[in-house]
Amino acid sequence: MTWTWFDATDALLAREVLQRGVAAVFLVAFVSTVNQFPALLGERGLLPVPAFLRRVRFRQSPSLFHWRYSDRLLLIVAWGGTLVAATLVVGLPQLGPPWVPMVAFLLLWAGYLSIVNVGQTFTAFGWETLLLEAGFIVAFLGSREVPPPAPVLLFLCWLVFRLEFGAGMIKIRGGREWRDLTAMEFHHETQPMPGPFSWHAHRLPRWAHRVEVVGNHVVQLGVPWFLFAPQPVASIAAGLIILSQLWLIVTGNFAWLNWITVVLAFAAVSDTSLRAALPWLPSSGGAATDGSGSSPPWWTLLVLAVTAGLVLLSIRPLINLFSRRQLMNASFNRYHLVNAYGAFGTVTKVRRELIVEGTDAADLGDETGWREYGFRGKPGDPLRRPPQFAPYHLRLDWLLWFLALGVRDTAWFERYLERLLQGDRAALALLRENPFPDGPPRWIRVTVWRYRFTTGRERRETGAWWVRTRLGVLVEPMSLGE
């Protein structure tokens with residue numbers, strides 16, 4: 001039996017990008033987990049998973065760690081996920097029957113779901129749920145023995161639509177700055193994690209910032225509809241989305257959000273269009289490369305059943321897109337399938353940074369010498385150029401940005417300050433620079449500063465990327481005795 005309506009024989013290159021790209025993001029996510037999870041959420045973490053599991057049942061937050069949690073088991077899961085993701089990146093499971101890459105991706109999804117569902121505030125980011133949804137759907141793209149299933153590619157286009165259109169609607173319904181076209185006059189400077197070129201983007205003329213906002217509205221509110229159009233229109237729409245995401249990659253650090261969006265947009269790109277744009281691309285290998293292969297009935301029925309289930313789960317996200325009370329970065333089920341997305345409904349106008357400082361002084365006074373802790377990603381030293389670390393995810397630095405905005409979830413931060421006073425190795429490993437290499441300080445405090453990018457003249461005269469002005473003290477000097 002031939003299912004010509006089911007087999008997308010002109011999407012072989014797109015499948016390669018989708019499978020390897022999503023697997024690469026999983027690899028980054030698991031490596032990030034290895035490096036940060038024990039310190040943040042481990043047995044001696046800031047929000048220990050064992051304490052969380054005593055409050056929450058499996059049906060509320062499914063995770064294999066409900067069976068048992070230990071830092072060793074966490075590392076086994078994370079390193080195992082890294083290994084499976086690496087095999088998919090190089091394309092090994094794709095050489096076998098279609099169920100082999102399916103199982104590999106479902107293992108990644110289940111392993112990372114177990115991590116996200118116990119990660120509490122440290123995994124409460126939209127790109128975490130985006131990765132889980134993408135990994136589950138991509139699992140059913142099959143292997144080189146069968147053509148890519150058209151329903152799966154169509155559903156990936158629906159995912160990109162929700163991601164882009166949802167973000168666009170959040171902005172239109174959000175702050176006035178998106179409607180009067182001034183949002184990008186502030187965004188590059190006040191975004192959570194500026195990158196190496198954010199200063200340059202901020203220094204663009206006002207008209208260029210207005211073009212940025214208009215371009216954003218066009219790409220997020222208009223272009224996604226054409227992902228479902230015939231070729232080559234769908235490929236052109238995907239190309240515009242990819243270009244907009246590349247601009248965000250160059251000018252900021254949003255973990256893997258923009259990177260995985262680039263990958264997912266390839267679901268709408270045909271091989272014919274891709275080779276027309278990049279004629280030097282090689283053809284994919286495998287039995288289905290000439291379009292003569294077809295999917296076996298068992299595979300077709302499985303894919304259709306999964307797709308039908310995902311369509312049913314799409315009802316609430318679809319309603320949410322057009323709701324006046326649109327939810328942003330929300331999951332409608334505990335397995336993070338078919339979610340709602342969106343970000344930056346409002347743009348912060350003033351950048352505030354929390355600076356953690358310590359001192360060895362026995363007595364505090366006006367002449368006390370305070371030394372500053374250096375974080376890996378967030379702004380600190382005005383002379384330090386904002387670094388590039390995305391698609392890697394620095395969870396501690398991100399939460400410090402939210403904390404500076406006035407978020408009330410501070411229990412983890414209080415514990416972190418205590419760990420710094422104790423000289424805790426795991427807590428110090430999350431930093432770029434420890435000003436007390438020979439032992440912890442006697443006192444620690446947190447000050448609040450206003451940061452702004454230097455002007456071109458200030459940059460030439462001082463070499464600084466930032467100008468900062470002290471606003472006050474968030475946490476008064478404290479010691480272990482207190």
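Colleague: How many aromatic pairs does a search of the whole structure find?
Modeller: The search finds 29. Bear in mind that this is a predicted model.

Colleague: Why is the pair of F30 and Y112 called edge-to-face?
Modeller: The ring centres are 5.4 Å apart, and a pair needs centres within 6.5 Å, so the two rings count as a pair.

Colleague: Are F30 and Y112 buried or exposed, and how do you know?
Modeller: Buried means under 20% relative accessible area. F30 has 0%, so F30 is buried. Y112 also has 0%, so Y112 is buried.

Colleague: Why is the pair of W398 and F402 called tilted?
Modeller: The centres lie 6.2 Å apart, which is within 6.5 Å, so the rings pair.

Colleague: Where do W398 and F402 lie?
Modeller: Both are in helix α16 (residues 395-404), four residues apart, or about one turn of the helix.

Colleague: What separates W398 from F402 in accessibility?
Modeller: W398 has 3% relative accessibility, so W398 counts as buried. F402 has 28%, which falls between the 20% and 50% limits, so F402 is partly exposed.

Colleague: Which residues do ring pairs link into a cluster?
Modeller: F125, W127, F254, F344, W398, W401 and F402.

Colleague: On to helix packing. Why are α6 and α12 called oblique?
Modeller: The axes of α6 (residues 150-173) and α12 (residues 257-265) cross at roughly 140 degrees. Roughly antiparallel needs over 145, and roughly perpendicular runs from 65 to 115, so the pair is oblique. The axes come within 9 Å, and α6 passes α12 in a left-handed crossing.

Colleague: Which residues meet there?
Modeller: From α6, L156, L159, V160, L163 and E164; from α12, L257, T261, L264 and A265. The contact divides into seven nonpolar, one polar and one charged.

Colleague: What makes the backbone stand out at P232 and P391?
Modeller: Most peptide bonds are trans. The bond joining Q231 and P232 is cis, with omega about 5 degrees. P232 lies in the loop between α10 (206-222) and α11 (233-251). A390 and P391 are also joined by a cis peptide bond, with omega about 15 degrees. P391 is in the loop between β3 (374-375) and α16.

Colleague: What is the phi of L181, and what is the phi of A255?
Modeller: L181 has a positive phi of about 70 degrees, although it is not a glycine. A255, also not a glycine, has a positive phi near 50 degrees. Most residues other than glycine have a negative phi.

Colleague: Where are L181 and A255, and how accessible are they?
Modeller: L181 lies in the loop between α7 (176-179) and α8 (184-190). Its relative accessibility is 23%, so L181 is partly exposed. A255 lies in the loop between α11 and α12. At 1%, A255 falls under the 20% limit and so counts as buried.

Definitions and conventions:
Residues numbered from 1 in each chain as written. Predicted model: local features only at pLDDT ≥ 70, side-chain atom pairs only at ≥ 80, totals over all residues. Heavy atoms only, no water. Axes fitted to C-alpha atoms, helices over the stretch in contact; angles between N-to-C directions. Helix = DSSP H or I, 4+ residues; strand = E, 2+ residues; numbered from the N terminus. Parallel < 35°, antiparallel > 145°, perpendicular 65-115°, else oblique. Left-handed = near helix turned anticlockwise from the far one by under 90°. Contact = heavy atoms within 4.5 Å. Nonpolar A, V, L, I, M, F, W, Y, C, P; charged D, E, K, R; others polar. Phe/Tyr/Trp six-rings, centres within 6.5 Å; stacked < 30°, edge-to-face > 60°. Buried < 20%, exposed > 50% of the residue type's maximum accessible area, 1.4 Å probe, protein only.
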